[in-house]
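Here are some notes for a colleague who is opening this entry without having seen it before. They are arranged as numbered points, to be read beside the structure.

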Amino acid sequence: MWVFARDAPASGPSFPSRRETMAYNDYDRGTFCDEMFDGQGAPWPWARPLQTCIDGLPEGELSKRQQAAERALFDMGITFNVYGNDEATEKIFPFDLIPRMIPSREWDRTEAGLKQRITALNLFIDDVYHDRKIVKDGVVPEEILESAEGYLPACRGIDPPLGVWCHITGTDLVRDDSGQFMVLEDNLRCPSGVSYVLANREQMKRTFPEVFAASRVRPVSDYPGNLLKTLHEVAPGNRRDHPLATLLTPGRYNSAYFEHSFLAQQMGAQLIEGRDLTVQNDVVYMKTTQGLERVDVVYRRINDDYLDPRVFRPESVLGVPGIFEAYRKGNVTLVNAPGTGVADDKVVYAYVSAMIKYYLGEDAILPNVETYLCWEEKARAHVLENLDTLVVKAANEAGGYGMLIGPHASKAERERFAELIRAKPRNYIAQPTLKLSRAPVIVGDRLEGRHVDLRPYILYGEEIRILPGGLTRVALKKDSLVVNSSQGGGSKDTWVTEWEGGVSC
Amino acid sequence: MLSRVAESIYWMSRYLERAENIARYIDVHSNLTLDTPGMARNNWSALLRVTGEYREFTERYAEESPANIIRFLAFDPSYANSLVGSMNQARENARSIREVISPELWQQINSLYHMLRTDPPDPDRSSQDLYSFFNQVKLMGLSFGGIVNDTMAHTEGWQWFRAGRLIERADKTSRILDVKYFTLLPSSEDVGAPIDQIQWAGLLKSTSAQEVYRTRYGEISPRNIARFLILDRDFPRSILHCLNRADEAVRGVLGTYPNHFQNPAEQFLGQMCSELAYTTIDRIMETGLHEWVDTLQSNLNRVGLAIHEVYFSA
């Protein structure tokens with residue numbers, strides 16, 4: 001198994017300059033698995049070109065480059081809107097210049113694990129809305145499906161093109177102190193963040209051109225092309241020759257608006273809002289200066305329940321009345337398909353390894369994080385007794401909301417969650433507080449360790465295509481475990497570097 | 001092209017042009033006041049009339065001081081047509097169509113927007129800062145057209161950008177002319193005096209027309225200036241030029257032949273062009289310049305409404 005062994009000695013020549021440099025001679029690796037340094041404080045072998053480069057920089061240059069990169073992101077308007085402030089505030093998604101590196105051999109294995117997982121999840125969703133064999137065979141309890149918030153009865157019996165439901169997925173991976181990548185969440189509903197991957201990469205190519213060549217980094221720039229290809233592949237069967245693919249956004253006040261417009265621009269696809277569309281005779285059209293034009297694929301970045309006021313929330317003004325019926329009749333493809341949220345439920349998550357075994361007859365390559373389901377009596381008792389060491393999550397919340405980090409929470413907060421769990425056990429799960437791996441970030445002119453996760457992006461059309469690496473999110477607050485952009489997180493570029501050597505040093 | 005997108009490009013372009021013109025007014029007036037001691041205050045009040053929203057000013061400010069007027073026209077975000085207000089709206093429109101405009105255009109809009117927010121000069125302090133600041137805004141304003149021409153495909157979006165910019169510019173040039181004639185000339189005892197010459201020259205300057213005018217007409221005369229700014233076919237800020245190019249842009253959307261029309265928007269704009277093409281400055285003066293400008297502005301509004309009806313509210 002390719003893991004970072006924390007205490008293994010460094011291989012290869014040592015770098016005498018390391019101890020003298022300003023940047024990280026006092027870097028505190030702590031007791032965590034570190035993405036850049038081994039147990040001896042030497043960079044992992046695949047990170048050496050980067051280290052050599054940083055060593056060669058004159059004093060102050062690192063923070064200068066950091067500032068220049070931030071300035072560039074701001075000028076380019078690569079920003080997100082912050083919810084909950086009085087006025088719509090635009091911020092850049094904080095970006096740290098030191099890339100997070102993953103050696104290619106470790107990545108290849110991770111990629112295989114992601115493919116396996118998404119294949120099983122997709123079969124599961126299809127099964128949920130058809131025969132429910134997995135329930136009949138006693139692998140997943142039926143009440144879990146019916147009570148999942150993302151479950152949509154309206155989707156029963158629908159056959160999306162190619163049988164694909166979750167076209168775009170952003171699985172969250174973490175590494176604990178064992179060094180092993182584990183799946184934290186599956187994010188099957190319009191995951192965001194890929195635009196930052198692409199923008200960060202552009203910045204990094206400008207900032208560290210020297211290291212790039214030396215590190216042999218796998219490119220990510222073909223993502224928009226692959227996304228468009230995927231959208232075309234899943235167009236309704238009779239429209240596949242010249243399909244018109246669009247990206248549906250809630251509009252420019254949405255927190256991810258930058259990403260919507262960026263992806264549309266990169267793909268050369270129309271960026272549309274609900275009011276740009278009209279449905280006539282169960283066919284979707286967009287309103288142009290020269291009349292109506294038929295739309296075949298809608299990559300929608302609005303939630304299921306806002307999609308169509310006739311079927312879901314009647315008050316939604318973001319959606320398109322009649323689009324669901326057009327979808328059900330196969331006249332338009334919705335990406336992701338409505339209803340995928342059923343597999344996004346954190347209780348259902350606990351069954352993914354079983355799904356992989358059930359549908360594919362394989363063992364899961366990527367393990368789950370150990371999960372206690374509060375609806376099970378024994379597990380609930382354990383959770384309630386150990387709230388100070390566990391992380392409790394609401395089964396259907398995303399973005400770091402509705403979460404309790406036991407060790408960091410006050411007694412009052414823990415008691416509040418205990419109440420919540422007792423009131424609605426089905427809604428909560430708990431996991432051990434992971435010692436998430438850390439990566440160095442620039443703080444002033446020094447490097448300090450911060451916790452990170454990884455969100456790779458998976459496209460599912462005629463084949464499964466995975467962007468090498470993904471979005472590395474960083475909890476910028478010291479010791480914080482929450483990496484979400486809405487909660488003070490930042491990002492790093494993620495480099496999958498060609499590395500033939502062993503990964504366990 | 002999506003109706004909503006076309007509309008956003010059109011308005012983005014109009015607001016960018018509006019912002020640039022405000023910088024022009026202030027730039028030229030700061031300059032003028034140095035040459036016309038004693039006239040300074042009168043001059044600054046005239047600026048308020050250019051924008052046509054004198055009442056908005058008096059609602060907000062007690063004193064018509066130059067600093068207050070600059071603050072109002074340039075930096076008051078509560079006044080939608082101020083420089084800052086126009087840029088906010090231009091940027092909001094641009095933000096909603098980022099996938100359509102070039103990254104370079106977005107970046108330049110963003111730079112100007114941030115410059116206005118983070119580094120505005122203090123109107124109470126030296127005019128040195130003001131001068132270089134507004135000059136820079138003007139230059140950035142000019143760069144928008146260049147960026148659009150050289151980075152966007154010359155297809156429908158580009159036509160809407162041109163249409164918005166040119167219609168806005170025709171309107172602004174007519175307002176500048178109107179103010180000079182209506183506000184200053186009849187009430188001033190300085191007709192033909194050196195001060196007046198300087199003022200007329202200032203008017204040319206605020207439309208970047210001084211040099212071109214000089215090579216064409218030499219001496220400064222109010223009649224020739226009006227003729228130049230209204231009827232010149234070649235000067236990019238003259239009204240006839242703007243209308244001809246706007247007509248071309250709007251027809252370009254559907255590919256309508258010159259002198260033909262398929263809808264009221266094309267019809268009204270074509271009518272305006274023809275009228276101007278076959279009139280003379282003497283005819284305009286007979287009508288009265290102010291009355292003529294009034295008619296022009298309501299015709300421009302009619303074109304704007306027709307564009308909205310035909311193209312943007314599908």
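1. A:Thr288 has A:Gly291 as its bridge partner, and that partner belongs to β11(A). Please keep in mind throughout that the model is predicted.

2. In chain A, strand β10, which covers residues 283-288, pairs with β11(A) over four bridges, and the sense of this pairing is antiparallel.

3. The sheet to which these strands belong is an open one of three strands, arranged in chain A in the order β9-β10-β11 with antiparallel pairing. Its edges are formed by β9 (277-280) and β11 (291-294) of chain A, each of which pairs on one side only. On average, and with direction ignored, neighbouring strands of this sheet are turned by 40 degrees against each other.

4. Turning to chain B, the domain assignment divides this chain into domain 1, given as 1-152, and domain 2, given as 156-314. Where the two domains of chain B meet, 27 residues of domain 1 are in contact with 24 residues of domain 2.

5. Which helices of chain B supply at least two residues each of the side of domain 1 that touches domain 2? They are α1 (3-35), α2 (40-51) and α7 (127-151) of chain B. Among the contributors to this side of domain 1 of chain B, α1(B) gives the most, with 16 residues.

6. As for the classes of residue found on the side of domain 1 of chain B that touches domain 2 of chain B, there are 14 nonpolar residues, together with six polar and seven charged ones.

Definitions and conventions. Residues numbered from 1 in each chain as written. Chains lettered and ligands numbered in written order. Predicted model: local features only at pLDDT ≥ 70, side-chain atom pairs only at ≥ 80, totals over all residues. Domains from an automatic or database assignment. Contact = placed C-beta atoms within 7 Å. Nonpolar A, V, L, I, M, F, W, Y, C, P; charged D, E, K, R; others polar. Pairing = 2+ DSSP bridges. Axes fitted to C-alpha atoms, helices over the stretch in contact; angles between N-to-C directions.
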